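Take a moment with the model below. Start with its overall fold, then look inside.

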Amino acid sequence: MKRVYTCFCTDVIHEGHQNIIREAKKYGRLTVGILSDSAMIRFNRFPTLKFQERFDLVRNIEDVDEVVVQEDVMYDKIIAELQPDYVIHGDNWLAGPMRAIRDRVEECLRTYGGEIIDVPYTYNETVKRADQRIVEKLAMPEYRRKRLSQLIGIRPIVKAIEVHNGLTGLIAEKTVTQHEGELDQFDAMWISSLCDSLAKGKPDIELVDMTSRFRTIDDVMEVTTKPIIFDGDTGGLIEHFVYTVRSLERMGVSAVIIEDKTGLKKNSLFGTEVEQTQDTIEHFCEKIAAGKKVQLTDDFMIIARIESLILEKGMEDALNRARAYVGAGADGIMIHSRKKDPTEILEFCDLFRKEDEKTPIVVVPSSFHSVTEYELSQHGVNLVIYANQLTRSAFPAMQRTAEDILKFHRAQEVDDRLLPIKDIITLIDEL
Ligand code: SPV
Ligand code: MG
């Protein structure tokens, strides 16, 4: 009897999967691998069912002889273990980032004479609807809200990128890369005060009011499913912050990060070049505690951002504040620096982790951008935020295009740098 292997990374068994199972059965004894949660998140999307439920869903299918766990997106380990004669998959993996998986499978099978079977991918109204149901579920506030803390529990380091409208939301949602045989994507989105303000042509001084910032969240939420971390600036007055927490929580935002500054807030990357006042530990703790008191679910996170290193108050001040903020109920700590060198950030993380093993640490490597995600995770960082790179890359591109059109008195010279008209009009899927 020949051995056939296929891998499912799905929350729902639809016609397409049934078709693969039927086809696979014609070739021999069928083993189905269920992709682990962490691999599924990295490559596809957050599972809406628990791992065991996904496992049982497949185990109960009559034609499936055996179900195993596939830990990695790449099949290397499982192929080495099972040595299947055939690996079967929908032919949708012939194109796009999934091609890398197929190429790797082909290489592994070649070592002992195994073969790939590509079956035509089933895509019809029923399959489309099943897929949409999962997306709808992932986008709902009650599912989206809790996903950040779930991700922190699953991923070695959670990666968030800045978004400030529907379009950047789509980039965060849909960008999947294949690099050196690995597939990757962002886990979450950051609604930066800097970029949200810049998009409106305003300075980052808490000038854009909350109602307007909530509109940005809504625009992003309409077209995405990934969890949202909101840059809450100083949080404002305690009497106002409690309302902000309630609104964010109701909308399905996962976390708010508030910074321990008071008075007119200026962007941290100015450092001590402008006047910035740090809040007292007591008052900021009061703000955190007030926010924690009013939230209605256990899912929502209030993360306290420490500005001591930015304001050159020293490591001990930063650590003192971290202890106090966690004591006041903060669900995480963000430590910020504007040094080019990550040393002080890593030192803070090491010292904090010595006394607190669990509280999530968040960093924003805009200045200390040489540090890698792996290094950060080795120092106990749980969440890395790429806070402004989308805006900073779009701005010079737009500026150059504007300058060149002025220079050449026509648009031909800029055209080869632009997204083709066909692609821009079909960029957004119609419902
Ligand atoms: C933001 O993105 O608005 C931030 C991060 O608060 S920083 O600009 O580095 O202060
Ligand atoms: Mg900000």
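The paragraphs below go from the barrel to one helix, then to a cavity.

This is a predicted model, where local features need pLDDT of at least 70, side-chain atom pairs count only at pLDDT 80 or more, and totals for chains, interfaces and linings use all residues. Residues are numbered from 1 along each chain as its sequence is written, and side-chain values use heavy atoms, without hydrogens and water.

Find the barrel. In the order β6-β9-β10-β11-β14-β15-β16-β17, 8 strands close it, with parallel pairing. Strands are DSSP runs of E, at least two residues long; helices are runs of H or I, at least four, and both are numbered from the N terminus. Two strands pair if DSSP finds at least two bridges between them.

Now pick one pair. Strands β9 (residues 188-191) and β10 (residues 228-231) run parallel, joined by 3 bridges. Met 189 has Ile 228 in β10 as its bridge partner.

How are Phe 214 and Phe 230 placed in the structure? Phe 214 lies in helix α11 and Phe 230 in strand β10, so the pair ties together parts that are 16 residues apart in sequence.

A cavity is a set of points on a 1 Å grid over the protein atoms alone where a 1.4 Å probe fits but cannot get out; lining residues have an atom within 4 Å of a point. Of the 18 lining residues, the closest to the centre of the largest cavity are Asp 231, Asn 267, Arg 305, His 336 and Ala 387.

Note on methods:
Chains are lettered from A and ligands numbered from 1 in the order in which they are written. On a 1 Å grid over the protein atoms alone, a cavity is a set of points where a 1.4 Å probe fits but cannot get out, and a pocket is an open set with protein on both sides within 12 Å along at least five of seven lines; lining residues have an atom within 4 Å of a point.
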